[in-house]
Amino acid sequence: MPSNTKIVYYISSALVTAVSVGVMGFGMSGNWATTTMECTRIGSDFTNGSAEITWQLLDGYLYRVFCPSFGGEGSFEVIPAMLEAGVTFVALHGTVLCLLALCLLFSACSILISLYNSVSNPYATYMGPVGVYVCSSLSACLAVVVLIIYAVNVAATNMAEELVKGMYDDADLRNTSSEMKLGYFLIIPYIVLSLTAIVVIYMYDHAAYTHRREQQRPTEDAPKEIMMY
């Protein structure tokens, strides 16, 4: 049976990683961004309308007020709409989805490694600290890349304008602004929790290393008379 210390540390790491997966899963199902823009007819200088797009990972919602003529609202699928707007937007969004899937995969591997080592031989670990370090660090790094790519795709490109123009050819759009929502920001606690799992296993690894060093030098603190004998 493994020691209680080993069980506590590895179970704690698995629980922290499981919570991070739950946080990311909840974030992936929510709204990630909202893009607003002023709207008018092509050739007119008078702006009398607006459009607002609420982005999720797979679905979106468009709400129009006199854009370009009458208002309206409705949902759409993000990837098909991006295909009509431009290949670059789809490539960036597809990269985000793939990286999120990899984050979940590496988190699952970290959980399995932690659970296995919590019940394994107390004197051996199977991909123990190294496995958790690799999987959790990859999850955190890929999640950071997700934040960057998604923000660039939504806020730094003209994806929203091209999407609305693809639906309404006679729309002239200007003054576009984007705001990130809860789903996007929940990736940050996922990163923090993934790094926390690394810290937990590092604490165990450091304690185990210190214990091994003490066992390898049992006579250093012994009285000189005993050592001479």
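# Reading cores and ring pairs in a predicted model

Tutor: Let's start with a count: there are 0 disulfides here, a disulfide being a pair of cysteine sulfur atoms within 2.5 Å. Keep in mind that this is a predicted model, where local features need pLDDT of at least 70, side-chain atom pairs count only at pLDDT 80 or more, and totals for chains, interfaces and linings use all residues. Residues are numbered from 1 along each chain as its sequence is written, and side-chain values use heavy atoms, with hydrogens and water left out.

Student: How do I read a nonpolar core, and how many residues has the largest?

Tutor: A nonpolar core is a set of buried Ala, Val, Leu, Ile, Met, Phe, Trp, Tyr and Cys residues joined through side-chain atoms within 4.5 Å. The largest has 40 residues, and Trp-32, Leu-100 and Tyr-150 are among those with the most contacts inside it. Helix α4 gives the largest share, 8 residues; helices (H or I, at least four residues) and strands (E, at least two) are DSSP runs, numbered from the N terminus.

Student: What is Leu-100 in contact with?

Tutor: Contact means heavy atoms within 4.5 Å. Setting aside neighbours within four places in sequence, the partners of Leu-100 include Met-24, Trp-32 and Ile-187. Leu-100 sits in helix α3 and is buried, with a relative accessible area of 0%. Its C-alpha is 6.9 Å from that of Ala-143, 43 residues apart along the chain.

Student: And how are aromatic pairs described?

Tutor: By the distance of the centres and the angle of the planes. Rings of Phe, Tyr and Trp (its six-membered ring) pair if their centres lie within 6.5 Å; planes under 30 degrees apart are stacked, over 60 edge-to-face and the rest tilted. That rule gives 7 aromatic pairs. Tyr-10 and Tyr-204 are edge-to-face, at 5.3 Å centre to centre and 65° between the planes. This pair links helix α1 (residues 4-28) with helix α7, its members 194 residues apart.

Technical notes. Buried < 20%, exposed > 50% of the residue type's maximum accessible area, 1.4 Å probe, protein only.
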